[in-house]
Amino acid sequence: MCGLAGLFSFNRETNPDAALLRRMTDAMRHRGPDGEGFHIEPGLALGHRRLAIVDLAGGAQPMASADGEVVISFNGEIYNHEELRQELEAAGHRFRTRSDTEAILHAWQAWGMGCLERLNGMFAFALWDRRSGELLLARDRLGEKPLHYAQLPDGSVAFASELSGMLALPALSRRLDPVAVDDFLALGYVPDPDTIYAGIRRLPAGHALLLRRQGLPLLPQPRRYWQPPTTTQDRPRDAAAELTARLETSVRLRLMSDVPLGSFLSGGVDSSAITALAARLAHPLQTFTIGFPGAGDERPAAAALAARLGTTHLAEASTPDYLAAAREQALIFGEPFGDHSSVPTLAVCKLARRHVTVALSGDGGDEVFAGYRRYRWHQLAEAVRAYVPARARRQVLGGLARIYPKLDTAPRWLRAKHTLTEISLDSATGYYRTVCRIHQEQRRALLSPALRAQVEGHDPGTRFAEYMAECDPDETLLQAQYADLHTYLPGDILTKVDRTSMAVSLEVRPPLLDHTLVEWGMALPPSLKLHRGQGKQVLRQAMASHLPDSILRGPKQGFATSIGTHLRDQADAVRARLLGAPMLDSGLFDPTALAAMVDRHASGRHEHGQALWNLLVLEGFLAAGDGAAASPLLHGAIGT
């Protein structure tokens with residue numbers, strides 16, 4: 001796992017600034033503490049930070065082809081590189097290393113842009129072909145590895161794995177994007193292709209950007225080279241057996257490593273399934289768990305499974321300080337990031353890194369096999385929509401929702417306001433409301449008049465409707481999964497895992513996100529994913545002989561600490577943060593509305609824990625160096 005950076009000029013006579021490139025790579029030293037490398041020629045500069053995993057001696061980067069005409073800086077792992085090597089060698093290519101990086105070089109020479117469809121792995125890379133004058137920027141299908149880019153005032157293009165690498169460029173504007181601020185408050189992350197900065201883009205998952213020296217120095221639109229299924233297929237003959245075989249293959253591929261490897265282990269189905277299969281293939285396997293004191297502590301279940309599987313198990317307790325963590329988020333993510341499970345995720349990464357360099361994870365199972373509770377509620381809402389005409393839903397259910405009290409602290413069955421509202425809306429809008437962290441009416445009340453005017457007319461739910469419209473209109477569950485695969489998975493889950501693991505120089509590999517497994521799993525009939533209110537049915541069936549019933553039938557596990565209680569206990573400190581200089585000087589928010597939200601939450605009658613956490617994270621970003629420099633609305637730092 002590594003970090004890459006580079007500068008590309010449409011003018012081949014331009015001499016890149018080597019010192020500037022080094023500043024970009026130095027800002028991402030945590031992604032690659034084992035070495036650095038640079039390739040500089042007229043009009044191009046490539047930099048690399050290396051975390052050595054495969055071919056420790058021969059995998060240094062940037063790597064050039066034998067004739068020196070093609071050069072690559074690569075972050076990730078290509079799990080089928082040995083298979084590609086055999087095919088390419090049979091066609092006459094000669095390899096000089098065992099590195100998967102070299103396989104990409106030869107694949108490009110053999111198949112051009114078609115090489116992307118042949119790569120199985122997680123990757124982001126910049127590949128320069130001197131003969132054609134083309135620079136290819138590419139990102140893996142699911143978005144496991146990040147890649148940012150921007151066009152600088154002189155027309156050149158800069159790119160880097162993390163925003164920290166991009167912000168090492170003095171010429172790059174730090175203006176905040178008002179739409180991105182609104183998206184962050186709504187979703188808890190800034191979705192691709194945007195970043196919090198108006199001038200920096202993120203290459204979307206499954207996309208490539210091809211820059212050519214010919215013509216005007218204009219950035220083309222990224223090209224999508226892969227998308228998940230948009231319709232389901234017939235039920236496989238024995239889906240559980242096929243899933244077991246596919247998952248075993250995926251796990252085996254991800255055991256490829258020349259350094260120590262382990263596995264995250266919680267009390268949930270996904271990480272337990274991955275660990276159970278890995279323990280049969282890698283001996284001895286080390287496993288890692290972070291728990292929280294109390295009824296939801298995962299450590300006992302994880303320890304019991306580890307003993308059953310015969311792994312070398314290590315566990316620690318975590319007592320997160322979320323106020324302190326909110327200030328640290330900007331340092332880790334480079335922009336506001338509102339998933340508070342990133343705090344314990346960082347803790348388990350730190351634990352694992354003390355013992356291994358690579359860890360397997362169970363990420364992706366909820367998206368691929370419909371494990372989230374919101375899928376169940378979405379299907380129930382769809383059942384109502386199928387029988388109640390849209391006009392009646394809007395008038396009757398919508399009317400009930402408007403007069404129904406907002407009972408944040410009541411038992412779940414009494415909290416019907418959101419449910420009635422969602423059912424009264426169309427499918428896509430209703431689903432977006434289930435994933436929205438701060439709804440529009442509440443967001444608008446928090447914003448200053450100036451920022452409110454700049455985001456007028458923007459609806460973060462529009463992208464969900466657009467993605468869901470790409471699917472078969474009769475496949476309502478698949479529509480929700482498909483939307484999540486383009487938004488929540490790359491924007492939240494995989495961003496969280498990449499940045500927290502890379503912050504401590506740990507590589508994390510999720511076998512459930514092998515793209516061939518994703519394609520197969522997404523296309524399964526709904527009954528194999530969601531059945532009688534429980535998700536991941538086929539995965540539970542496949543693991544029946546590997547895992548105990550207590551895990552297979554247990555409730556969904558996760559880092560679900562009570563952020564609301566934590567922030568209620570520290571209401572005075574929360575108020576001081578949200579009414580402090582970084583927030584007030586930014587001109588982004590209405591101070592009276594901020595204070596009122598803190599007071600309502602502190603009273604115990606309202607639950608605003610997630611909203612307050614998002615605001616605290618944004619405050620931490622503004623308080624950090626680049627965020628503070630970028631924030632003041634009155635100074636023109638926010639632009640459209």
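**Entry 1: terms and model**

In these notes I call a residue buried when its relative accessible area is under 20%, exposed when it is over 50%, and partly exposed in between, using a 1.4 Å probe and protein chains only. I am working from a predicted model, in which local features need a pLDDT of at least 70 and side-chain atom pairs count only at pLDDT 80 or more, while totals for chains, interfaces and linings use all residues. Residues are numbered from 1 along each chain as its sequence is written, and side-chain values use heavy atoms, with hydrogens and water left out.

I checked confidence before anything else, pLDDT being the predictor's confidence in each residue on a scale from 0 to 100. The protein averages a pLDDT of 90, and 90% of the residues score at least 70. For residues 410–417 the pLDDT falls below 50, and the stretch has eleven contacts in the model beyond near neighbours in sequence, a contact meaning heavy atoms within 4.5 Å. Residues 626–637 also have a pLDDT below 50, and there I noted 32 contacts beyond near neighbours in sequence. Where pLDDT is low, the predicted coordinates should not be read in detail.

**Entry 2: Glu-470**

I found Glu-470 in the loop between helix H18 (462–469) and helix H19 (476–486); helices (H or I, at least four residues) and strands (E, at least two) are DSSP runs, numbered from the N terminus. Glu-470 counts as partly exposed because its relative accessible area is 32%. Leaving out residues up to four places away in sequence, I listed Arg-224, Gln-227, Thr-230 and Tyr-482 as the residues that Glu-470 touches. Thr-230 lies 240 residues from Glu-470 in sequence, yet their C-alpha atoms are 6.7 Å apart.

I then looked up polar contacts, that is, pairs of N or O atoms within 3.5 Å, where within protein one atom must be able to donate a hydrogen and the other to accept it, and residues adjacent in sequence count only if both atoms are side-chain atoms. The side chain of Glu-470 has such a contact with the side chain of Tyr-482 at 2.4 Å, and another with the side chain of Arg-224 at 3.4 Å.

**Entry 3: Arg-444**

Arg-444 belongs to helix H16 (residues 440–446), and I record it as buried because its relative accessible area is 12%. Its side chain joins that of Asp-182 in a polar contact of 3.0 Å. Asp-182 is also among the residues that Arg-444 touches, the others being Arg-452, Val-455 and His-458, when residues up to four places away in sequence are not counted.

**Entry 4: the sheet from E4 to E12**

I traced an open sheet of six strands, antiparallel in its pairing, in the order E4-E5-E6-E7-E11-E12; two strands pair if DSSP finds at least two bridges between them. Strand E4 (63–64) and strand E12 (223–224) are the edges, and because each has a single partner strand, one side of each is left without a neighbour in the sheet. Helix H3 (residues 100–111) packs on this sheet and touches E4, strand E5 (70–78), strand E6 (121–129), E7 and E11, its direction making about 125° with that of E5. For that angle, axes are lines fitted to C-alpha atoms, for helices over the stretch in contact, and the angles run from 0 to 180 degrees between N-to-C directions.

Two bridges pair E4 with E5 in the antiparallel sense, and Ala-64 stands opposite Val-71 in E5. The hairpin of these strands has five residues between them, and Gly-68 takes a positive phi near 75° there. E5 pairs with E6 over nine antiparallel bridges, with Phe-74 opposite Phe-125 in E6. Nine of the nine residues of E5 are buried, so this strand is largely enclosed by the rest of the structure.

**Entry 5: nonpolar cores**

I used nonpolar core for a set of buried Ala, Val, Leu, Ile, Met, Phe, Trp, Tyr and Cys residues joined through side-chain atoms within 4.5 Å. The largest core has 118 residues, and those touching the most other members are Leu-116, Phe-125, Leu-136, Phe-264, Phe-369, Leu-506 and Met-543. Helix H7 (residues 269–281) gives the largest share of this core, seven residues. Apart from it I noted another core, of 58 residues, including Met-24, Ala-325, Val-574 and Trp-613.
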